[in-house]
Amino acid sequence: MTGIAQIPVSSPAGIAVFGHILSHGPVPRIDVARATGLSQAAVTKAVTVLIEDGFLEDEDAAAPPRSEAPLGRPANPLRVRAGRAQAIGVKVTADRVYAVRTDLVATPLASTSRANPDTTPEAVLTQIAAVVRDLLIEGTPVSGVGITVSGDVDAQAGVVRDSPLMGWRDVPVAALLGERLRLPIVLENDVRALTIAEQMFGRGAGTHSFAMVTIGAGIGCGIFVNGAVVEGAHGVSGEIGHLPLAPGNLVCSCGRRGCVETIASSAAIVTAVRRALGNHTLDMPAVVELARAGDVAARTAFADAGETIGSALAALVNLIGPQRVIIAGEAVGEYDLYAERIRKAFAEHAFGSALNCEIIVASHTFEEWARGGAVAVIREIARGRG
């Protein structure tokens, strides 16, 4: 990640101040002090440097403050100067790569996508480089490029260790793209990046804990607890799609048996309906249409998927006790076909007060997934890493 423009205060106080304003601003100095536990003097010192370097600014003095400040101290809310830095985020799928360029507060400024001719690393990396170049503007520097890929991702080394959906093993994505683009590269698991985006700028902001569960080509999960998105000691965490909750005769794309994905992923649902009806030309839209028309085989496939997802959610909630679970992914458009069985299985297996966990459904486009890559870059700026 060398080369990413970093905030000018490398002290823990400066990083804490900037991070809080980034996720919660506009916010008065006194509220920053309360939230971070820092003294008002420490906040003022950090803010002064951040304003001088153009990372923060005072809102218009006419804007009503959100809380009162002691006499003699500015009550004007502070906010991040969105135009101070830009980032590009990329979401990699087997079919296409999607890219967005954002400002420092993750507001999308432009987006594009390109189809992959195949899923080989060379072909996909070529398309990634092309969409990034499509979004570059002469004279407007980009702080970094965040690449998000499904599977086992070593973010520190910049290596995709194992992505069953892409068919990749040990691909040094950050190094290869860094050579092509001459820009700082941040590599992150796609669901974890989406979780970071929700924690900093979305439905997870302000919660003490939440989990992001994605349903689609795979079943993914990102977890935010104790003030951080869980990364795992070995780079793997939240893989509820590979909990052994499905029949043991079903083989997963990861090579193991009985994973949740063998019954609950989009491909698994389509496969089950094709076998039941003897029609191997069916795709997901056709299966959804059949289910909504009352076809027994299609309804059963969705019900079985919902049962397994609900059990996985209960296991997740029983283990970490999140305040909220956000269900997202490309298959949430069909959530009505899962919902009843998901909630029934969840209620049957959630232990005690874990049942009180709030479950909400959120729609995310692939461009919003790509935005997660840009937020991964923004997080590195906020951390003071460069």
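The following dialogue explains how several terms are applied to this predicted model.

Author: Residues are numbered from 1 along each chain as its sequence is written, and side-chain values use heavy atoms, with hydrogens and water left out. Because the model is predicted, local features need pLDDT of at least 70 and side-chain atom pairs count only at pLDDT 80 or more, while totals for chains, interfaces and linings use all residues.

Reader: How many aromatic pairs does the structure hold, and why is the pair of F18 and F55 called edge-to-face?

Author: The structure holds 4 aromatic pairs. Rings of Phe, Tyr and Trp (its six-membered ring) pair if their centres lie within 6.5 Å; planes under 30 degrees apart count as stacked, over 60 as edge-to-face and the rest as tilted. The centres of F18 and F55 are 5.8 Å apart and their planes stand at 85°, so this pair is edge-to-face.

Reader: What makes this pair a tie between parts of the chain?

Author: Helices (H or I, at least four residues) and strands (E, at least two) are DSSP runs, numbered from the N terminus. F18 belongs to helix 1 (residues 12-24), whereas F55 is in the loop between helix 3 (40-52) and strand 1 (56-58), so the pair ties together parts that are 37 residues apart in sequence. Both residues, F18 and F55, are buried; buried means under 20% relative accessible area, exposed over 50%, and partly exposed in between (1.4 Å probe, protein chains only).

Reader: What is the pair of F210 and F224 called, and on what values?

Author: F210 and F224 form a tilted pair, with 5.6 Å from centre to centre and 35° between the planes. F210 is in strand 11 (residues 210-215) and F224 in strand 12 (residues 219-225), 14 residues apart. F210 and F224 are both buried.

Reader: Why is L78 called buried?

Author: L78 has 0% relative accessibility, and therefore counts as buried. L78 lies in strand 2 (residues 78-80). Contact means heavy atoms within 4.5 Å; leaving aside neighbours within four places in sequence, L78 is in contact with residues including I21, P26, V47 and D58. P26 is joined to G25 by a cis peptide bond, with omega about 0°, and is placed in the loop between helix 1 and helix 2 (29-36).

Reader: Why are D170 and R182 called exposed?

Author: D170 has 53% relative accessibility, so D170 counts as exposed. R182, at 70%, therefore counts as exposed. D170 is in strand 9, and R182 is in the loop between helix 5 and strand 10 (185-189). D170 has a positive phi of about 55° although it is not a glycine; R182 likewise has a positive phi of about 55° and is not a glycine.

Reader: How do you know that helix 9 and helix 10 are roughly perpendicular?

Author: Axes are lines fitted to C-alpha atoms, for helices over the stretch in contact, and angles run from 0 to 180 degrees between N-to-C directions. Angles under 35 degrees count as roughly parallel, over 145 as roughly antiparallel, 65 to 115 as roughly perpendicular and the rest as oblique. Helix 9 (residues 284-292) and helix 10 (residues 296-320) pack at about 105°, with their axes 7 Å apart. The two helices are therefore roughly perpendicular to each other. The contact is made by residues including M284 and V287 of helix 9 and R299 and F302 of helix 10.
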